[in-house]
Amino acid sequence: MAGLVLPAVALASPKVATVHGLALYGEPALPADFSHFSYVNPEAPKGGSLLRAAIGGSFDSTNPFIVRGTPAAGLNQIYDTLLESNPNETFSSYGLLAEGIRLDPQRRWIEFDLRPEARFHDGEPVEASDVVFSFETLTEKGQPFYAGYYEDVTKVRALDGDTVRFEFAPNNSRELPLIIGQLPILPEHYWADRDFTATTLDPLLGSGPYRISEVQPGRRIVYERVEDYWGKDLSVNQGRHNIDELVYDYYRDQTVALEAFKAGNLDMRIESSARQWATAYDFPAAENGLVKQLNIHDGQPSGMQAYVMNLRRETFKDPRVREAINLAFDFSWLNDNLFYGAYERTESFFENSPMAASGLPSEDELALLEPLRDQLPASVFETPLPLEEPEKLRPRLAKALELLNEAGYVVREGVMTQVETGEPLSLEVLLYDTQFERVVQPLLRNLARLGVQGDIRIVDVNQYLNRLRNFDYDMIVGSFPQSNNPGNEQREYWTSAYANKPQSRNLIGLENPAIDSLVETLIRADSREELNTAARALDRVLRHGFYVVPQWYLDKTRIALWDMFDYPQPFPEYNLDLSAWWVDPEREAEIRKRQRSR
């Protein structure tokens with residue numbers, strides 16, 4: 001039910017200045033009268049099409065906000081948000097649906113004035129009641145992410161038809177006003193007679209720069225640029241959303257998708273495999289200059305990609321077992337033999353950023369950690385980071401064997417066995433993409449040398465998602481992406497409240513009050529220095545827990561494309577924005593002719 005509309009006279013706050021944008025710290029870089037983001041080409045032509053692959057085999061829903069179903073790719077493009085982020089700033093946002101913003105100096109509330117010209121694709125105006133409906137629907141009926149992300153919002157009210165106010169809990173996150181601006185706004189009138197929690201393949205209604213034009217269930221989804229898009233002339237949209245048609249074709253795995261790209265059935269791919277990047281792009285079209293390879297710098301922290309151990313399984317409850325599994329991972333061999341030396345080893349959950357912990361805790365970190373000392377391993381205070389481990393595999397496995405023996409395991413007839421129960425130590429790595437199988441095998445071979453039984457289970461994407469939602473796995477390849485300004489999403493990654501909530505991103509199953517406390521400290525950091533300190537303290541505790549086997553990172557995005565696209569340079573400093581790219585019509589015609597003739 002939408003919030004009550006109250007008279008604006010009773011609640012409006014005329015003494016608080018109305019502004020055009022917000023920054024996490026300080027003021028946004030762009031003035032109120034800025035014409036466009038600095039990295040775009042405001043004269044970019046419109047037209048053309050872009051065909052990309054969606055990996056995983058199929059989809060069965062066009063509703064990306066709910067727990068049920070496998071949503072199609074690209075659905076965020078049909079929805080507008082209150083604010084739009086600038087990829088050239090660490091965290092600043094400017095008005096999109098909202099033309100005016102008032103933030104209480106004590107950060108107890110924020111108000112947004114909606115643009116009167118804002119329209120959904122059916123012509124109906126976007127009103128404050130739609131914002132209230134979107135917030136209540138997503139936090140009450142959507143994925144668990146939304147309830148956690150907006151946990152500190154205590155009330156949302158429509159003050160009049162065009163003004164909405166969000167009220168906050170005390171000691172809320174500094175980023176809360178900005179992440180409210182990320183809320184996708186849904187049309188209340190459209191959902192009035194529909195079940196929001198049910199999967200659907202209808203072309204859902206939004207207000208964004210694209211609309212769904214075609215749905216081939218499980219095979220393809222197509223978006224068309226909205227010619228009369230209400231927001232096309234806004235400064236945040238100038239030079240963006242240039243391509244007329246965006247197509248996502250579904251492929252079983254990356255190997256099949258690569259062959260489709262080489263055959264000209266796809267226009268662009270973001271390459272995740274170092275081996276493919278080094279060896280697979282020597283086909284005739286690439287040699288003739290029709291295909292390009294780009295390495296684009298990524299200014300965000302690299303975060304953590306890792307083998308995630310599920311603490312809900314008895315196998316992984318002992319930290320000595322988890323450390324032993326870490327020791328069996330031989331990154332140097334993988335990098336030399338499979339990755340062509342392309343990667344760096346990930347150590348931190350905030351890798352490649354000032355938030356990564358190192359050495360022993362600083363005085364500021366200790367101020368956060370000391371009150372939690374009884375709940376933390378002594379190594380957090382005594383052992384410097386990065387953790388010193390043998391480089392060569394043989395001594396690594398020797399140390400792993402010692403740890404397993406200490407944890408109550410012995411080798412019996414070649415099998416690592418728990419002394420008390422007689423149960424073998426075994427694990428299964430769950431995958432949905434065959435491309436990763438060759439990367440997992442070396443870890444399992446090394447574990448086998450210790451007597452640990454390991455298997456790979458490859459399932460289709462729907463089964464994978466179902467098992468993921470219910471935490472039905474031993475180990476998976478998981479990721480915990482990070483921005484330069486981590487905030488409320490950390491609750492869902494690490495805290496006890498999400499350990500057993502289906503479809504949460506607490507993949508590990510962490511239930512640790514000390515980690516809960518550090519997460520709240522991070523979220524409520526009131527300066528850049530406080531944020532860095534809290535992130536380092538959290539990083540330190542997570543790393544000393546050996547909850548994951550860190551993999552590797554690359555501070556670049558690798559893109560291969562048929563050479564019919566143009567893009568402004570230099571690229572944005574912090575985030576890649578493909579919406580600023582455009583199609584060159586002459587080159588597109590030439591390449592389409594070449595593709596059709598193959």
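Two strands are taken to pair where DSSP finds at least two bridges between them. In the predicted model described here, strand E9 (residues 210-216) and strand E10 (residues 220-225) meet this criterion, being joined in the antiparallel sense over six bridges. Within this pairing, Arg211 lies opposite Glu224 of E10. The two strands form a hairpin in which three residues separate E9 from E10, and Gly218, located in the turn, adopts a positive phi of about 75°. Strand E10 also pairs with strand E11 (residues 245-251), again in the antiparallel sense, here over five bridges; in this second pairing, Tyr223 has Leu246 of E11 as its bridge partner.

Individual residues in other parts of the chain were examined next. Asn86 is placed in the loop that runs between strand E3 (83-85) and strand E4 (92-95). Its relative accessibility is 5%, and because buried residues are those under 20%, Asn86 is counted as buried. When residues up to four places away in sequence are not counted, Asn86 touches Leu30, Phe37, Tyr39, Ser92 and Tyr94, of which Ser92 and Tyr94 fall within the residue range of strand E4 (92-95).

Phe331 belongs to helix H10, which spans residues 331-337. With a relative accessibility of 11%, Phe331 likewise counts as buried, since this value is under the 20% limit. Once neighbours within four places in sequence are left aside, the residues in contact with Phe331 are Tyr343, Glu344, Arg345, Gln551 and Trp552. A further relation across the sequence is that between Phe331 and Leu443, which are 112 residues apart along the chain and have their C-alpha atoms separated by 9.4 Å.

Glu370 is situated in the loop between helix H11 (363-369) and helix H12 (379-382). The relative accessible area of Glu370 is 37%, and the residue is therefore classed as partly exposed, a category that lies between the buried limit of 20% and the exposed limit of 50%. The side chain of Glu370 is joined to that of Arg373 by a polar contact of 2.8 Å.

How values were computed
Residues are numbered from 1 along each chain as its sequence is written. This is a predicted model: local features need pLDDT of at least 70, side-chain atom pairs count only at pLDDT 80 or more; totals for chains, interfaces and linings use all residues. Side-chain values use heavy atoms; hydrogens and water are left out. Helices (H or I, at least four residues) and strands (E, at least two) are DSSP runs, numbered from the N terminus. Buried means under 20% relative accessible area, exposed over 50%, partly exposed in between (1.4 Å probe, protein chains only). Contact means heavy atoms within 4.5 Å. A polar contact is a pair of N or O atoms within 3.5 Å; within protein, one must be able to donate a hydrogen and the other to accept it, and residues adjacent in sequence count only if both atoms are side-chain atoms.
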